[in-house]
Amino acid sequence: MAETLLEVAHLIKTYPARGKGQKVQAVADASLALARGETLGLVGESGCGKSTLSRLILSLVAADQGAVRIAGADFLGAPREEQRLMRRRIQIVFQDALSSLNPRMTVGVNIAEPMRLQGLGTQASRREEARQLLELVGLRAEDEDRYPHEFSGGQCQRIAIARALVLKPDIVIFDEAVSALDVSIRAQILRLILDLQQKFGLSYIFISHDLSVVKRICDRIAVMYLGRIVEIGSSDAVCGSPRHPYTEALLRAIPIADPRRMRVENLGLIEGDTVAAAGPSGGCAFEPRCPHRFARCGLSVPPLFDIAAGHRAACFLNETDRQQGDP
Ligand SMILES: Nc1ncnc2c1ncn2[C@@H]1O[C@H](COP(=O)(O)OP(=O)(O)OP(=O)(O)O)[C@@H](O)[C@H]1O
Ligand SMILES: [Mg+2]
């Protein structure tokens, strides 16, 4: 069994919603583990909490509850200085690379900036590091003196990846990092991401609304619905024999180009339905849309039922299966 690098336990984040006194549970009791060298896909419709979960893991926003452990050590609860050092081990690449880069800094300075902020190296050594990283991600060392706006979307994503690697992390989170790119450029960047993983033994969390990409590159997949992980397992198990009706719907859905508008159309969802009002609804959050719902579903929130080794789904249909299967 590969070493567990990252453990996320019972993370919860609630935001105030627009309506008076209402709340949105952006992440509701999410737990997962990530092994060294592994890629975990995180999928679900727009607004289900994928980005919030990644920001909680990185400690970019404060969790209401829950823990994040990196190589067994408490990250969110670590003393300030210790947390600062642990931050090097986990990095993120966003969808909009150009706006994630500082337009007033050259790309060389952009790439080396995390080193400077961490007080690492000299100006000369940081520069050398940036030049090497530019070549590693398929650009030229001489590009260091140019500015982000001089590069295409795909090239900016290469620069953002170089910057994510400059602190030699163990874990990289890609939050829709290839979603905005044209198909051919997307394939090139995916190739780069996978090559870098091989080279450095990196662990990835790969967030995407596009299950077809996730299926191709991820070892395991976690499916999120309204802040909860409703199914998790190997890519083969989750895509080949899904055990949550929402996963089935996602697999049937045809992804549309704009991830901001990703919806499972064939379930008749209306705009705004994915905004979860945290309240005593009592039952499974998917129940109103579920074609298989039965009385039990409205009564309590289904826990993640074990289906097979590493494959779990939060749907009462699995409880019924288990009971029927018992001798
Ligand atoms: N800073 C915030 N303040 C209030 N509500 C927020 C905030 N950030 C996120 N939310 C809400 O939390 C929920 C989850 O949002 P999040 O951005 O994590 O979803 P997502 O799965 O990343 O969606 P997308 O696929 O569109 O990127 C949404 O209902 C969103 O409106
Ligand atoms: Mg997001």
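**Note on the predicted model**

1. The cover over the buried residues of α10 includes β3 (39-43), α8 (211-217), β9 (220-225), β10 (228-234) and α9 (235-240). Those buried residues of helix α10 (residues 245-252) are Pro245, Tyr246, Thr247, Ala249 and Leu250. A residue is buried if 20 or more other C-beta atoms lie within 10 Å of its own, exposed if 12 or fewer, and partly exposed in between, with C-beta atoms placed from the backbone. Contact takes C-beta atoms, placed from the backbone, that lie within 7 Å.

2. This is a predicted model: local features need pLDDT of at least 70, side-chain atom pairs count only at pLDDT 80 or more, and totals for chains, interfaces and linings use all residues. Residues are numbered from 1 along each chain as its sequence is written, while chains are lettered from A and ligands numbered from 1 in the order in which they are written.

3. The protein has 11 helices and 12 strands. Helices (H or I, at least four residues) and strands (E, at least two) are DSSP runs, numbered from the N terminus. Of the 327 residues, 41% are buried. Among contacts between residues at least 6 apart in sequence, 63% join residues at least 24 apart.

4. Four strands form an open sheet in the order β2-β1-β4-β5, with antiparallel pairing. Its edge strands, β2 (23-35) and β5 (73-74), each pair on one side only. Strands pair if DSSP finds at least two bridges between them. Nine bridges join β1 (residues 4-16) to β2 in the antiparallel sense. Proline 16 stands opposite lysine 23 in β2.

5. Ligand 1 is surrounded by 15 residues, and the closest are Tyr15, Ala26, Ser46, Ser51 and Thr52. The elements giving two or more residues to this shell are β2 and α1 (50-57). α1 gives the most, with three residues. A residue is near the ligand if its C-beta atom, placed from the backbone, lies within 6 Å of it. By class, the shell holds six nonpolar, seven polar and two charged residues. Ala, Val, Leu, Ile, Met, Phe, Trp, Tyr, Cys and Pro count as nonpolar, Asp, Glu, Lys and Arg as charged, and the others, Gly among them, as polar.

6. Strand β7 (residues 171-175) is mostly covered: five of its five residues are buried. Ile171, Ile173 and Asp175 point one way, Val172 and Phe174 the other. In a regular strand the side chains alternate between the two faces of the sheet. Strand β6 (residues 90-93) runs parallel to β7 over four bridges, with isoleucine 90 bridged to isoleucine 171. Five bridges join β7 to β8, also in parallel. Phenylalanine 174 stands opposite phenylalanine 206 in β8.

7. β7, α7 and β8 make a right-handed β-α-β unit. Right-handed means that, with the strands pointing away from the viewer, the path from the first strand over the helix to the second runs clockwise. Helix α7 (residues 183-200) has 18 residues and should span 26 Å at 1.5 Å a residue; its end C-alpha atoms are 26 Å apart, which agrees. The expected span is 1.5 Å times one less than the number of residues. Just after α7, glycine 201 takes a positive phi of about 65 degrees.

8. Isoleucine 207 lies in strand β8 (residues 203-207). Isoleucine 207 counts as buried because it has 28 C-beta neighbours inside 10 Å. Not counting residues up to four places away in sequence, isoleucine 207 touches Leu42, Lys50, Ser54, Ile173, Phe174, Asp175 and Glu176. Isoleucine 207 and serine 51 are 156 residues apart in sequence and 8.1 Å apart in space, C-alpha to C-alpha.

Technical notes
Contact = placed C-beta atoms within 7 Å.
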